[in-house]
Amino acid sequence: MAELIVSGLVRAFGDVRAVDGVDFTVADGEFLTLLGPSGCGKSTTLAAIAGLDKPDAGRISLGGRDFFNATTGTFVPPERREIGLVFQSYALWPHLTVRQNLEFPLKLRRIGRAERARRIEESLGLVEMIPYADRYPHALSGGQQQRVALARTLVYRPGLLLLDEPLSNLDAKLRERARTWLRHLQSQVGVTTVYVTHDQSEALALSDRIAVMNGGRIVQLADPRTIYDRPSDAFIADFIGSSNFLSGTVLASDNGTVRVGLGERLELSAPSPRPLAPGTAVRVSVRPEQIGVVDPSAANGANVFPAEILERTFLGAHNTLEVRAGESRFRVECRKVPENDHIHVHIPESAGIVFPQAAGH
Amino acid sequence: MAIDALPAPAPMRTPRVDRGTAIQVLVTLTTLALVLFPILPVLYQAVLDKPLYDPAATISLSNFARLFDTPRLGDIVSNTAYFAILTTIIAQVIGVVTAVLVGRTDLPGRAFFGEMLLWPLFLSHLVIAFGWFTMYGPSGYVTLFVRGLIGGDPWNLYTVTGMAIAAGAAQAPLAYLYCIVATRNADPNLEDAARTVGASPLRILTTVTLPLMRPAILFGVIMNFVIAIEMLSIPLVFGGPLQIEVFTTYLYHEVFGQATPDYGLVAAASVGMLVLVVGLMVLQGRLMRNNQRFVTVGGKAARPRRFALGRWRWAAFAVLLAYVGLTIVLVLGGLVLRSFTVILSPLMPLWDVLTLDNYTLLGAYPVYMRSIWNTIIIATVGAAIGTALIALVAVVANRSPFRWRRQLEHLAVLPRAIPGFIAGIGIFYAMGLFPPLGWLRNTIGLLMIAYIMRYLPTGYGAVAPALAQLGGDLDRSARTVGADWWRTSRSIVLPLLTPALFSCYALLFIHFLKEYVTAVFLYAPGSEVIGTTMLQFWKNGDNGAVSALASVQILITVVFVTAARKILGVKIYG
Ligand SMILES: Nc1ncnc2c1ncn2[C@@H]1O[C@H](COP(=O)(O)OP(=O)(O)OP(=O)(O)O)[C@@H](O)[C@H]1O
Ligand SMILES: [Mg+2]
């Protein structure tokens, strides 16, 4: 029912096209994340959906009702859109207690006293903040304020929930807990949600689908697994997780797999989303955790290279090795640090993704 | 809880007319009317050859020709220039020195001086003028006392220089105020940096501290210069006897000295003054625009270090004490003392002249009591109406999607360039131009309108910065939860602005209490205020009654300022 459709959305500030033709659809009850580096237009997109900012072109509709339509000149002001927006700053009204903060939207909707009390109780219950109902916002911690901000938007049952980096003001530990809790809450309430973040791990953990944005456009829209495993271009491969990029030249290409020459001696087979002519300069992205340190006995297998360890970094759960193989340098993640500096590494064929050099940076 | 447990969103009322836009338009039109109300008639009258209520009047430039033919125009212009320049210099020198001493040194009794130095700001120039007259005038208490010691006239207050000294002392607090704010905001790191490279404290003062105060000093120079040009009271009280005329007293005498005032000439002269003041304000805007490089960044947490005065500590203390004593305590105290005596003179023992007659007189004549009540009502009610308007203007100009909001802000600060004197003349003309407004004529409502117009920029200056401090997400979140613009302003923005609105009210109250220049042309029997009545009785030589009225005004001010600060915790001037 409450399906959000955004199509052809454009918003320019002077010469800067902050949002440059964005299309996406969020199904009823779905959790969609807009993910991208700072300044890519996420907040601008969200403000357009909320009605806080008027786009220059395109169309936004929720459940079949046009919020904005540049062709017909429709623009519904924010207060008539029935949506909930959680701000990065939480924006709790400092002169009102927690209860009064939640009461305000209900009063606007002329809901009776008894029903108001019931709904406030219910919402505060959802975020586990009932004991704090009579406190003023300044007497709450960041995490508590964030929960109240969420309760305030849930209390009037909006048709759409928008969240703009709601967890970015929390410390790392709390952020992780709030993430689990938020995901749980969203599926419980079942409200269609658009979530904005530049934190890729947050996006991966929370979303049904992720729209990766760059320079005002959506560059890939897919479920987290696909985004992580099959990034559609080098930018995404770099932005999501941390990838190694190995430069090389295509030697042969067949059936979706290419053989890439890395420097003089090394050869690597990897899948390519598109066929590439031999001689094309390419970059192969490989995630550090997918590279294995193997026994010298496997030294002659395909995609196995001799390598030299340049540096070892202990990171608690695992170790990172900085290694050199031929002319390529890359990072390898492993649980146990090899004693010898000279090792062999294996890059499984499915682990590498080949991008033409020009498409990267 | 599952989704189907949640009922559909409650339907919102759909307003038929957009009340937000309606309010925004209304506020803007009100402000426009308020600001144009006094200016347009002046401009119009200036180019009419007959009074503007005369149907036979035609457009001509003859008024300006007559203005330039005024026999004593040269004297008037040079007196005005000399008075304004000397006043500004005296005010600024005293203001800067006291601000540095109080704000930046280890002077003993800083808190006391900081408090005392601001007090003249709360009082009208008329009260201060009478105070100086009572103490330092030709037969003033101090003058007679010194004459008794040295056997000759020690000084003559009835000169342009004399006026400028009194006016300079009256305006020094303003210069002090701007500079003390600047010293508080100075970044101590800049001075510490100078110190680490080996500069002596005096060197730091002259090469770092004072240059950083330059914007404040510049701002004060232009403000004080404009105020000096607009000042009526001190030139009228001290220049009157010897007929030393400045621009304002010339206009005053043109209006009140003639049986039939020359409307056109007065309007032409007002336009001349308006052009000068607008020019100065534009200049100020220009000068202040490039001041980004003086803005000191960060370091707000640490207070600037104080310079050690060393052996000059007590000398500076004595000088400042003498200054405060002679120009504030003696002037105001003398005025109050005068109100309890038949005559105040060192030649007569005090106990022989003590009396309550002056106050009995106040109670006996309705005019006195009426002017006191009118003043209190205008200050109380007018400040409330003014604060309400200013709050709306600030919210529309800063927190609305209104198309003309920038223009509204310019409009709201425009009266800064309209001298109160000219506002009074303009509204006086307006009453002739729009006969339907005649019912306002003899009411204090007219004075309230004039005062609110005049102090719109003052109040706006107290509210707008507070509004800028308020995060925009607070109103945006109210919009998304379903409040329209007006509801957001009413329930979220304005309540959060309450402290600033209290300050605005207090400022307006004080200004309305002391204002009289605007009223000089507008009051009528029934709508007198303390200032106009004081002037009236001073002309008749009733100095006892004048000092009693002045004392009443001082008392109201002291009670109000103390109550506002102590009870309501309102910040007045920082
Ligand atoms: N009011 C504005 N005026 C001019 N430019 C703007 C305005 N708002 C945003 N921009 C520009 O539009 C671009 C996108 O901004 P936006 O706030 O949407 O980025 P974002 O993706 O939310 O970034 P972040 O992760 O840093 O919040 C930026 O280049 C920004 O400078
Ligand atoms: Mg953002």
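This is a predicted model: local features need pLDDT of at least 70, side-chain atom pairs count only at pLDDT 80 or more; totals for chains, interfaces and linings use all residues.

To the contact, domain 1 of chain B brings 30 residues, while domain 2 of chain B brings 24 residues.

## Buried area

The size of an interface is often expressed as the accessible area lost when the parts come together. Between domain 1 of chain B and domain 2 of chain B, this buried area is about 2,700 Å², and carbon and sulfur atoms give 72% of it.

## Polar and charged pairs

Across the interface of domain 1 of chain B and domain 2 of chain B, the rule finds two salt bridges. A salt bridge is formed by Arg454(B) with Glu230(B), where the closest N and O atoms are 3.7 Å apart. Counting pairs with both residues at pLDDT 80 or more, seven residue pairs are in polar contact between domain 1 of chain B and domain 2 of chain B.

## The side given by domain 1

On the side of domain 1 of chain B that touches domain 2 of chain B, the elements giving two or more residues are α16 (357-364), α19 (420-433), α23 (498-514), α25 (530-539) and α26 (543-566) of chain B. Of these, α26(B) gives the most, with 13 residues. Sorted by class, this side of domain 1 of chain B has 18 nonpolar, nine polar and three charged residues.

Technical notes:
Residues are numbered from 1 along each chain as its sequence is written. Chains are lettered from A and ligands numbered from 1 in the order in which they are written. Side-chain values use heavy atoms; hydrogens and water are left out. Contact means heavy atoms within 4.5 Å. Buried area is the accessible area (1.4 Å probe) that two parts lose on being put together, summed over both. A salt bridge is a side-chain nitrogen of Lys or Arg within 4 Å of a carboxyl oxygen of Asp or Glu. A polar contact is a pair of N or O atoms within 3.5 Å; within protein, one must be able to donate a hydrogen and the other to accept it, and residues adjacent in sequence count only if both atoms are side-chain atoms. Helices (H or I, at least four residues) and strands (E, at least two) are DSSP runs, numbered from the N terminus. Ala, Val, Leu, Ile, Met, Phe, Trp, Tyr, Cys and Pro count as nonpolar, Asp, Glu, Lys and Arg as charged, and the others, Gly among them, as polar.
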